[in-house]
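Hello,

I am handing over the structure you are about to start on. Please have it open while you read; my notes on what was found follow below.

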Amino acid sequence: MEQYRSVCPYDCPDACGLVVSVENGRVISVKGDETHPFTQGTMCPKMAHYERTVHSPRRLMTPLKRTGPKGRGEFEPISWDQALREIAASWKKIMAEKGPEAILPYSYAGTMGIVQHDALHGLFYYLGASELDRTICAPAKGQGYKDVMGGTLPTAPQEAQHSDCIFLWSIHMMATNIHFKHDVDAARANGAAIWCIDTYRTKTADLADHFVAIRPGTDGALALGMMYVLVRDGLTDEAFLSANVLGWEEMKEKVIPRCTPEETEKITGVPRAVVEELAHAYGKARAPFIRLGSGQSRYRNGAMTSRLITCLPALVGAWGKRGGGILTSAAASKAYDKDIVTRPDWKQKGTRLVNMCCIGQALTEDDRIKSLFVYSSNPACTAPDQNAVLKGLSREDLFTVVHERFMTDTARYADIVLPATTSLEHDDAYYSYGNYTIQCGYALIDPIGESRSNWRVACDLAKALGITDPFYDQSERDLVDKLVDSTVKWPLPVDQDCLRSGRPTALPLPEDYQTSFATPSGKIEIRNDALTPALPDYMPLDPDEGKLAFVNGADMRILDSSFNERDELTASHTMDLFVHPDDADFYGLSDGDSVTLANKRGQADFTVRVTDRTVPGQVVSEGVWWRERVKGGGASVNVLTSQRLTDEGRGSTFYDVRVNLTSKNT
Ligand SMILES: Nc1nc2c(c(=O)[nH]1)N[C@H]1C(S)=C(S)[C@@H](COP(=O)(O)OP(=O)(O)OC[C@H]3O[C@@H](n4cnc5c(=O)[nH]c(N)nc54)[C@H](O)[C@@H]3O)O[C@H]1N2
Ligand SMILES: Nc1nc2c(c(=O)[nH]1)N[C@H]1C(S)=C(S)[C@@H](COP(=O)(O)OP(=O)(O)OC[C@H]3O[C@@H](n4cnc5c(=O)[nH]c(N)nc54)[C@H](O)[C@@H]3O)O[C@H]1N2
Ligand code: SF4
Ligand SMILES: [Mo]
């Protein structure tokens with residue numbers, strides 16, 4: 001048996017270091033790497049048996065060609081040669097008749113490795129295909145942060161160990177960022193207080209000393225209410241503000257006076273006494289640390305909300321204090337020069353841009369897209385407005401190719417399915433978006449069956465299409481090596497030997513990274529003249545249809561729709577619905593009852609869990625489940641979610657949903 005280092009490839013902020021045991025060409029076990037600076041030898045339950053995903057009997061083994069109706073999942077095996085020939089022939093015909101924009105790639109973060117994640121970007125730029133705006137996750141959070149802080153690196157998570165007050169703000173840490181718990185625990189051992197702000201009492205909230213339940217989409221008003229109390233009670237750091245911040249006097253004069261605790265309570269549902277307590281905890285802390293998740297950003301006002309929360313550390317001068325700051329997402333990806341893989345020089349000016357959150361519309365409201373190439377993503381399950389997406393994918397005139405590891409909801413609609421490798425079968429360079437660590441992970445076993453990596457598919461398709469550019473003579477290892485070399489541009493020297501060897505590599509952070517602000521003015525920009533409005537202010541959500549708010553967050557057992565392949569993780573309950581006891585009384589519901597949630601987009605069935613984890617007027621479900629995991633093989637949560645976009649960043653609004661509930665009892 002041999003042991004090798006690797007890295008978790010999934011779209012998770014931790015990017016755990018792994019130690020993989022291989023025997024006779026098979027992965028036999030995976031454990032955490034104790035030398036990883038952030039994850040320190042532990043993993044989450046999903047990855048504890050990654051070998052069961054790698055060697056799953058559900059892995060796709062050969063290319064497949066559809067034999068039945070779209071969506072049914074009926075296929076016959078074909079050779080790679082035939083698959084590539086058919087794809088190339090179809091695309092050449094479509095390009096000749098309709099132009100290259102009739103082809104649309106659709107991909108996201110099935111793997112976070114830069115080579116495989118971006119492997120096909122260049123090919124589609126080269127062809128002049130429609131471009132995909134990859135905004136399904138949380139660009140509104142990133143935009144809100146940038147509006148205030150520009151390119152300033154967000155605070156490293158380990159800094160929180162030195163904080164005396166940590167705010168877990170719209171983050172379900174126990175499910176989505178479990179290793180941050182090390183830092184939270186270390187701070188707590190030194191007496192730090194832990195606050196959690198969420199729309200329902202998650203298992204993360206159970207760990208906190210104080211839980212604040214907030215109405216969905218109203219955190220901007222809460223941040224303003226906190227600012228009001230900080231000003232009123234003399235808890236702002238005026239010396240820091242006048243030296244480092246643009247627009248503070250104006251903000252104090254024009255916006256904050258309206259945001260009384262009473263007003264805040266009306267909007268957010270947070271009792272005024274709690275608003276004051278929260279503001280006092282923030283203002284009196286020596287070095288408050290905010291870990292901002294993405295929940296608050298998935299609303300029509302998501303960027304503005306994130307912008308308002310990002311202003312808070314400036315008010316109390318938390319920047320640069322040992323333990324203080326805000327972590328939205330770590331900017332470790334900046335260590336690499338991604339252009340080595342993505343070839344932006346091949347982009348063609350004026351190409352149509354299709355927002356991935358609106359893939360339903362793009363496929364149904366006009367018929368300009370004639371071919372869809374999906375990889376590293378499962379939009380039939382994870383994209384909003386599932387009924388529209390499925391209607392689009394059902395189009396007989398749409399030639400769909402899906403490159404996948406498993407027969408997902410999307411693959412079922414493909415004309416041709418191509419089998420994909422897992423991270424232990426290909427090479428890549430990884431980074432974390434929750435801590436400042438980067439790492440390479442190399443192929444440890446041969447590809448399972450006839451599976452091929454995204455890079456290999458990019459090269460194969462280029463060849464089949466007659467593209468002879470030497471770019472495609474490179475191996476994925478060549479690209480990894482070039483990415484490693486490119487880290488020379490990180491602000492401080494990176495240990496490239498460590499990185500190349502496959503060990504986790506901490507990115508050194510400049511001493512002044514929290515005190516020198518990378519904005520156009522060099523100051524923290526509470527006022528930002530490039531924006532409308534220049535001063536941040538709460539943006540109310542317009543009233544929407546539906547009696548109940550519906551929040552649909554992460555489940556601990558799966559990651560977006562990944563890990564649905566694992567029967568042992570997903571065989572038990574899936575579409576549970578948390579209903580508050582008052583609402584259960586009102587609707588006459590008991591535990592285990594079947595209910596239907598509906599809105600104008602569709603309806604889905606859930607199993608009731610009566611619990612005071614949620615509040616009256618709000619129902620909650622966790623997880624994005626494959627349709628086969630859903631009762632009756634029917635609709636999953638995304639039939640209810642909307643394709644509408646955020647205020648800035650063109651992001652998704654998954655939690656900005658209202659529904660009506662019906663049960664057999666009503
Ligand atoms: N186990 C597991 N891990 C995951 C994922 C997963 O699906 N499962 N997904 C991965 C991905 S792609 C991402 S982007 C990250 C996301 O990880 P997080 O940043 O944690 O984001 P979410 O889980 O989307 O939402 C976090 C919390 O925000 C809450 N929330 C919703 N609306 C609001 C609001 O208006 N205000 C406040 N204060 N809270 C609100 C939700 O109830 C939820 O508990 O996690 C990654 N890790
Ligand atoms: N209702 C609701 N919907 C959501 C969310 C939510 O909270 N609620 N979260 C949203 C968020 S934050 C995100 S980021 C999106 C993510 O949504 P998706 O991008 O669809 O992510 P996954 O569901 O993880 O699907 C990734 C797929 O990539 C495949 N894959 C893995 N590695 C490779 C590879 O190397 N090559 C190829 N070709 N395929 C590979 C996996 O088998 C898997 O099926 O979902 C969003 N959808
Ligand atoms: S999914 Fe996240 S927590 Fe789990 S092993 Fe991967 S990086 Fe670590
Ligand atoms: Mo995400």
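For residues 1-58, UniProt lists "domain: 4Fe-4S Mo/W bis-MGD-type" in an unreviewed entry; its positions are given in the numbering used here, the feature name is shortened, and such annotations may be inferred rather than shown by experiment. This is a predicted model, in which local features need pLDDT of at least 70 and side-chain atom pairs count only at pLDDT 80 or more, while totals for chains, interfaces and linings use all residues; side-chain values use heavy atoms, leaving out hydrogens and water. Residues are numbered from 1 along each chain as its sequence is written, with chains lettered from A and ligands numbered from 1 in the order in which they are written.

Over residues 1-58 the chain is 9% helix and 34% strand, with the end C-alpha atoms 25 Å apart. Helices (H or I, at least four residues) and strands (E, at least two) are DSSP runs numbered from the N terminus.

Three strands make an open sheet in the order β1-β2-β3, with antiparallel pairing; two strands pair if DSSP finds at least two bridges between them. β1 (2-7) and β3 (26-32) each have a single partner strand, so one side of each is left without a neighbour in the sheet. On average, neighbouring strands of this sheet are turned by 30° against each other, direction ignored; the axes are lines fitted to C-alpha atoms, and angles run from 0 to 180 degrees between N-to-C directions. Strand β2 (residues 17-23) is joined to β3 by six bridges, and S21 has S29 of β3 as its bridge partner.

Next, the ligand. Around ligand 3 are C8, C12, D14, A15, C16, C44, K46, M47, I178 and H179, where "around" means that a heavy atom of the residue lies within 4 Å. This shell divides into seven nonpolar, one polar and two charged residues. Ala, Val, Leu, Ile, Met, Phe, Trp, Tyr, Cys and Pro count as nonpolar, Asp, Glu, Lys and Arg as charged, and the others, Gly among them, as polar.

Two backbone details are worth a look. Most residues other than glycine have a negative phi, and most peptide bonds are trans. Q40, in the loop between β3 and α1 (50-54), has a positive phi near 50°. A cis peptide bond joins T532 and P533, with omega about -5°; P533 is in the loop between β21 (524-525) and β22 (548-553).

Enjoy exploring!
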